[in-house]
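The text below goes through a protein chain and its ligands. Please look at the sequence and the structure before reading on.

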Amino acid sequence: MANAYINTSLPDTADRMLFAVPKKGRLYDQCLGLLNSIGIEFNRKPRHDIALVSNMPIALVFLPAADIAAYVAKGNIDLGITGLDIIRESQTENDVAELIRLGFGKCKLQVQAPAANQTLKSAEDLVGKRIVTSFINLTKQRFAQLEGVDDPEKIKTQVRFVSGSVEAACGLGLADGIVDLVESGDTMRAAGLHAIDTILDTESVLITNQHPRFPKLAQVIQQRVEGILTARKFVLCQYNIARSSLESACLITPGRKAPTVTSLEQEGWVAVSVMVEKKLIGDKMDALTELGATDILVLDIANARA
Ligand SMILES: Nc1ncnc2c1ncn2[C@@H]1O[C@H](COP(=O)(O)OP(=O)(O)OP(=O)(O)O)[C@@H](O)[C@H]1O
Ligand SMILES: O=P(O)(O)OC[C@H]1O[C@H](OP(=O)(O)OP(=O)(O)O)[C@H](O)[C@@H]1O
């Protein structure tokens with residue numbers, strides 16, 4: 001019998017790798033920025049959650065971040081970007097392969113309690129009390145540890161699910177403590193809460209299922225992402241140094257593998273070109289200046305490949 005429901009406005013994704021990215025929320029802008037920097041071109045029509053990539057055999061699928069790990073784990077989707085917190089909460093860590101930590105969406109899953117309550121100083125103080133959270137599984141696992149119980153379903157602490165505005169629960173008298181994501185801490189401070197325990201440090205991750213249908217293409221995406229992350233993490237530092245000081249200079253800037261050294265027209269001097277971690281560059285420049293290096297230049301790296 002013919003398929004009674006054929007939606008001809010849906011793009012044909014047969015023979016394309018399905019790559020899920022968050023459709024909105026905290027990770028959305030950074031994900032789009034990453035897709036752009038790895039050269040993925042697409043045109044997403046308004047209200048459409050599937051977009052065909054024009055320059056690669058990939059279809060992007062825009063999904064709620066909270067669902068992506070489960071789709072990838074089940075094999076419906078080949079590749080995805082989501083938070084580590086979501087992978088752990090949806091208990092999919094054994095069914096997905098973590099390819100790369102992406103360095104954005106960094107925050108902590110914390111137990112928070114009213115700052116004014118002097119009796120709640122650590123997570124142990126909430127054992128047996130009421131907790132509200134969107135992270136039911138991770139919260140139950142943490143309290144099972146604290147209670148010394150093997151089965152998280154058998155804890156005496158009462159853990160209740162809410163889907164958002166978790167921080168309001170204590171003020172409304174619905175909870176003694178909450179478990180939620182914290183980045184700057186502003187949301188919790190505004191709600192009169194403070195951290196008494198950290199359950200997980202999370203960030204966004206590129207994941208694939210254990211049996212990817214397009215392993216070569218997934219590897220290409222992984223390599224491109226790694227290149228962009230390296231480029232963001234390092235700068236290229238160039239300087240001139242007396243050959244007699246080259247050994248000391250190489251100790252200051254050893255590079256990822258080794259510095260490139262070229263001779264200068266000026267007798268006894270060499271030019272050095274080397275990758276340096278961005279966060280260390282100020283200290284390195286100071287040390288090189290002290291050693292007598294001149295013409296120190298620092299250049300951004302647009303892309304990189306090992
Ligand atoms: N404050 C934050 N700082 C950094 N990363 C965060 C923060 N809040 C959430 N994240 C990360 O982004 C992921 C998605 O969170 P987000 O709140 O955007 O979800 P959402 O799918 O938009 O849901 P919602 O319906 O609540 O908007 C989280 O699982 C976490 O990995
Ligand atoms: O420590 P902060 O920098 O204040 O960030 C923490 C807030 O960010 C997340 O929510 P989000 O703002 O994404 O909205 P949501 O409550 O709708 O999930 C989280 O649930 C906290 O409420």
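Which strands does helix H4 lie across? Helix H4 (residues 136–147) lies across strand S6 (107–114), S7, S8, strand S9 (177–182) and S10, and it runs at about 170 degrees to S8. Contact here requires C-beta atoms, placed from the backbone, within 7 Å; axes are lines fitted to C-alpha atoms, for helices over the stretch in contact, with angles from 0 to 180 degrees between N-to-C directions. Helices (H or I, at least four residues) and strands (E, at least two) are DSSP runs, numbered from the N terminus.

This is a predicted model, in which local features need pLDDT of at least 70 and side-chain atom pairs count only at pLDDT 80 or more, while totals for chains, interfaces and linings use all residues. Residues are numbered from 1 along each chain as its sequence is written, and chains are lettered from A and ligands numbered from 1 in the order in which they are written.

The five strands form an open sheet with mixed pairing, in the order S8-S7-S9-S6-S10; two strands pair if DSSP finds at least two bridges between them. Strand S8 (158–161) and strand S10 (193–202) each have a single partner strand, so one side of each is left without a neighbour in the sheet. On average, neighbouring strands of this sheet are turned by 25 degrees against each other, direction ignored. S7 (residues 130–133) runs parallel to S8 and is joined to it by four bridges. Val 132 has Arg 160 in S8 as its bridge partner.

The domain assignment, automatic or from a database, gives domain 1 (17–105 + 204–213), domain 2 (107–202) and domain 3 (234–300). The centres of domain 1 and domain 3, taken over C-alpha atoms, are separated by 39 Å.

Where does ligand 1 sit relative to domain 1 and domain 2? Both domains give residues to its shell, so ligand 1 lies between them. A residue belongs to a shell if its C-beta atom, placed from the backbone, lies within 6 Å of the molecule. Of the 16 residues around ligand 1, Gly 25, Arg 26, Gly 83, Cys 107 and Glu 183 come nearest. Helix H2 (65–74) and helix H3 (84–89) are the elements giving two or more residues to this shell.

The residues around ligand 2 include Arg 26, Asp 180, Glu 183 and Thr 187. S9 and helix H5 (186–190) each give two or more residues to that shell, and the largest share, three residues, comes from S9.

Technical notes:
Two residues are in contact if their C-beta atoms, placed from the backbone, lie within 7 Å.
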